[in-house]
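User: Could you take me through the pockets and the aromatic contacts of this protein?

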Amino acid sequence: MRMYDLITKKKRGEPLAAEEIRAMVEGFTKGEIPDYQMAAMLMAICFRSMTEEEMRDLTLAMAASGDEVDLSALGSATVDKHSTGGVGDKTTLITCPIVAAAGGRIAKMSGRGLGHTGGTVDKLESIPGLSTTLSREDFFAVVEKTGLSLIGQSGELAPADKKLYALRDVTATVDSIPLIAASIMSKKLAAGSAAILLDVKTGSGAFMKTLADAMELARAMVAIGEGAGRKTAAIITDMDVPLGAAVGNALEVAEAMDVLQGKGPADLREVSLALAADMLRLIGRGDFAECQRLAAEAIENGSAFRTFSAMVEAQGGDAASLADPTKLPQAAFCRKVRAERDGFIVHMDAERIGQVACLLGAGRETKESAIDHAAGIRLVKKTGDAVKAGEAIAELHANDESLLAPAASRYLSALAIEDAPCEKRPLIFARVTKESFPKTGAAQDRRPVMSGALLEEVRAAMAQGAKEGDGADG
Ligand code: URA
């Protein structure tokens with residue numbers, strides 16, 4: 001195999017064979033294929049795309065490039081979840097204990113936040129004493145004992161992805177759906193769970209800004225997961241507005257604990273329950289309605305909160321801080337942001353709101369930056385709400401007082417307030433399983449998500465897909 005020939009083949013739009021893809025990934029990971037040839041291949045993939053089989057083969061080759069976790073000792077109900085990232089997305093802290101309390105097994109490695117989106121490990125580390133670095137034995141022991149362990153990435157999962165991503169980043173080849181899908185799924189496959197639920201976010205705070213792109217990515221990842229023998233599904237959820245009312249690590253932990261105790265914001269509860277129900281469905285706990293019932297019950301009877309508390313204790317954390325948020329890190333300074341006029345909030349730029357949280361200290365600009373677990377934002381009013389001039393619409397929390405004034409003016413510039421209210425967006429746009437791929441051209445549509453016509457089109461496509469054979473979706 002000559003890399004030159006493979007580049008030529010892809011440039012002409014011909015599919016690569018599994019052994020060609022394997023040799024290419026191995027050669028690149030070992031340093032035998034130079035960056036300039038791989039960069040040409042990546043660009044050819046951007047223009048020519050990949051078939052479902054090529055995406056699966058690329059993903060499997062990338063997953064096999066490093067450690068592959070074997071979770072079979074934990075039984076067949078292991079289930080993982082992945083979010084494509086968002087602002088205020090603390091659903092892992094809610095869905096995973098729900099699923100564990102309802103019989104699932106969750107041995108999950110999570111990431112840290114980078115840029116405007118938060119990371120689960122950062123949120124967990126705001127719980128005093130909690131360790132996210134466990135040995136393999138301790139990781140398995142916590143899952144055996146509590147049904148759930150959430151830790152940071154250990155070992156080297158999919159090193160080919162790390163190298164490829166670095167090259168994509170500097171060659172304008174990040175935004176290729178086959179490459180994004182292979183990148184995400186290679187790490188999920190290597191992490192070893194039997195089932196995988198993907199939360200693909202769309203909107204102003206998401207990586208996928210349009211619903212059409214989110215659908216296409218979801219379909220690609222579901223096809224890869226199923227092709228690799230894992231039960232895989234995706235939900236497309238809204239990230240045009242931050243999820244819940246808290247943005248920032250300790251604030252988000254407190255809010256997630258509220259939801260686990262039957263309180264908390266309705267949007268966060270709805271998305272978390274839908275994700276949990278789909279995770280339970282993937283591991284065969286019943287149809288969607290039954291799984292929704294199981295998920296709601298795990299909150300109502302307190303078992304999900306007890307499961308999370310048990311995990312925190314088993315990982316050395318102070319479980320008392322979960323019921324008493326004053327024991328979580330608290331910022332020294334708080335400033336209210338006030339509306340400048342009467343009207344309705346018709347748009348919140350979630351990405352810019354995430355950047356404001358970073359500015360306050362909640363996120364990191366580079367992998368090496370330190371973060372302030374107490375810093376963040378509490379959203380008092382959100383898209384669709386009526387506001388009066390002078391009324392508090394958000395609270396900013398920081399340990400450095402000088403950050404508050406610039407953050408307040410940036411926060412205001414991330415909002416649009418108008419005289420008339422706006423159309424309400426759904427929280428959950430679509431569920432994608434291998435049987436329910438929409439059959440219309442919606443995936444080719446690149447219009448922004450705000451279009452009501454596009455929503456109708458996708459809803460119709462999903463309804464059609466369901467009629468044509470997705471019996472299990474319920
Ligand atoms: N997240 C990933 O892990 N990989 C990508 O390519 C994009 C987002």
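Predicted model: local features only at pLDDT ≥ 70, side-chain atom pairs only at ≥ 80, totals over all residues.

User: What volume does the largest pocket have?

Analyst: The volume of the largest pocket is about 1900 Å³. A pocket is an open set of points on a 1 Å grid over the protein atoms alone, where a 1.4 Å probe fits, with protein on both sides within 12 Å along at least five of seven lines. A volume is the space filled by probe spheres set on the points.

User: Which residues are the closest to its centre?

Analyst: His82, Gly111, Arg112, Leu114 and Lys187 are the closest to the centre, out of 50 residues that line the largest pocket. Lining residues have an atom within 4 Å of a point.

User: Which element gives the largest share of that lining?

Analyst: Helix 8 does, with seven residues. Among the elements that each supply at least two residues are strand 1 (79-83), strand 2 (106-110) and helix 9 (177-190).

User: How does the lining divide into nonpolar, polar and charged residues?

Analyst: The lining of the largest pocket has 13 nonpolar, 20 polar and 17 charged residues.

User: And the second largest pocket: how much space lies in it?

Analyst: The second largest pocket holds about 440 Å³. Its lining has 21 residues, and Val241, Thr383, Lys424, Arg425 and Leu427 are the closest to its centre. Helix 12 (266-282) and strand 8 (343-348) each give two or more residues to this lining, which by class has 10 nonpolar, three polar and eight charged residues.

User: Changing topic, how many aromatic pairs does a search of the whole structure find?

Analyst: The search finds one. The ring centres of phenylalanine 139 and phenylalanine 140 are 6.1 Å apart and the planes lie at 80°, so this pair is edge-to-face. Rings pair if their centres lie within 6.5 Å, and planes over 60 degrees apart count as edge-to-face.

User: Is phenylalanine 139 buried or exposed?

Analyst: Phenylalanine 139 is buried, at 3% relative accessibility, and phenylalanine 140 is buried at 9%. Buried means under 20% relative accessible area, with a 1.4 Å probe and protein chains only.

User: Which residue lies over the face of phenylalanine 140?

Analyst: Arginine 136 does, at 4.3 Å from the ring centre. Arginine 431 lies over the face of phenylalanine 288, at 4.0 Å from the ring centre. A charge sits over a ring if NZ of Lys or CZ of Arg is within 6 Å of the ring centre and within 35 degrees of the ring normal.

Technical notes. Residues numbered from 1 in each chain as written. Heavy atoms only, no water. Helix = DSSP H or I, 4+ residues; strand = E, 2+ residues; numbered from the N terminus. Nonpolar A, V, L, I, M, F, W, Y, C, P; charged D, E, K, R; others polar. Phe/Tyr/Trp six-rings, centres within 6.5 Å; stacked < 30°, edge-to-face > 60°. Buried < 20%, exposed > 50% of the residue type's maximum accessible area, 1.4 Å probe, protein only.
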